[in-house]
Amino acid sequence: MSQPVRIYDPFDPQVQQDPYPVYEQLRDEAPAYWAEDANTWVLSRYDDVSAALAAPETFSSAKGIFPSPPGVDQSDLFLPMLIMTDPPRHAQLRALVSRAFTPRRIASMETSIRQTTDHLLGQINPGPWDFVSDFAGPLPAIVIAELVGVPADDREQFRAWSSTLVQANPIHGARDGLAAAASLYEYFAGFLAERRRTPRRDLISDLVHAEVEGERLTDDEVLGFCLLLLVAGHETTTNLLANSMAILTTRPQDRARMAHEPAVLASAIEELLRYDSPVQGLSRTLTRDITLHGETLHSGQTALLLFGSANRDHRAFANPDEFQVEREPGRQVAFGRGPHFCLGAALARMETRIALHALLNHTSFKWFADLPAAKRLHSGPIRGYASLPVQ
Ligand code: HEM
């Protein structure tokens, strides 16, 4: 288990600035790497990450999925959640929530996402503004509020809790984050009681009444799912948009094609997901000892699966460090793979398509992100920006 160089720590701000050279070194020199400070194994090659995602009986999600500092027990911090459940229970829960979280419901949100996008862009004053706080942050929060059925009057409060929750990371002991989670939990609990009495045509009503083989979700499971939508769907989408803004700033020709060719816009979104994945890595806990690349990973230890590195592996992608707007999509693992494959992938793709299309075709918006003035987000799993000034 001893390795000569300490090459990777997922919490090191310097690594977070540009992790890709370190990922390459990991893939080539230590594909099963023990990160001492973070107390976890790190898997960085595409094949290993994909195989681990497809083997939940060995790589379990039940004890948490976030790379966390030693000593943090994630099951104390969160309600029981789909994303932290293993098969066979996971399949039952996923079938139940999928009764409410249907492709039809997602598709029906297209018009309102477009309206929200136009509204947010319409509110922006001429001159410099912040892409994250003025656009990429609010858009997914409003979309999730609408998806869940939060009434218009409560949206501001909902957005405030939601941003606190995603910015103040409870895993790092942030009290604000825990307090916001508690407020959201209480808010949804009131909501849920009301929807039990009087069902409406919204997601919570459908979740409460969803039934598979005679089984329904408990109140805690419905609440856990609503919080999960926020945790999983907010900051991820925000940073796909922010990373896109940054990457495309230096690529006017790609932007011109994306603005007018819908097929190029679609393939570009897959490439943006691959090239700078918003979720860089999630963890699993080993349920048995395994040997990989000459190392023994013991039962009970955690393994961080680096999606961000897998997506840059030359063993899976030709010229992986090149951004190619028309790269053949399909293999990237930014949404994960296997049983936990992102339930919101279609929604995230639709939001991004609508937002980028509006920005690319906006008459008074000059695509320019002031990258030297940008502030990186310091988060274990998420890669993106805390602030991104634009014109
Ligand atoms: C660009 C945006 C997004 C990215 C990169 C992303 C990424 C991911 C990844 C990597 C996973 C797999 C987790 C694992 O294997 O442990 C996941 C799961 C999940 N995502 Fe997303 N996500 C995005 C947007 C969304 C949105 C918009 C929603 C819904 C509002 C959502 C809801 C979920 C849910 C519910 C799961 C758990 C699925 C399960 O455990 O069966 N995500 N996401």
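Modeller: C342 lies in the loop between α16 (307-310) and α17 (345-360); helices (H or I, at least four residues) and strands (E, at least two) are DSSP runs, numbered from the N terminus. This is a predicted model, where local features need pLDDT of at least 70 and side-chain atom pairs count only at pLDDT 80 or more, while totals for chains, interfaces and linings use all residues. Residues are numbered from 1 along each chain as its sequence is written, and side-chain values use heavy atoms, with hydrogens and water left out.

Colleague: What makes C342 (SG) a donor to the iron atom of the ligand?

Modeller: Its distance of 2.3 Å. Donors are N, O and S atoms within 2.8 Å of the metal (3.2 Å for Na, K and Ca), and water is not among the atoms, so sites may look incomplete. C342 (SG) is the single donor from the protein.

Colleague: Are C226 and C342 called buried, partly exposed or exposed, and why?

Modeller: Buried means under 20% relative accessible area, exposed over 50%, and partly exposed in between (1.4 Å probe, protein chains only). C226 has 1% relative accessibility and therefore counts as buried. C342 has 27%, so C342 is partly exposed.
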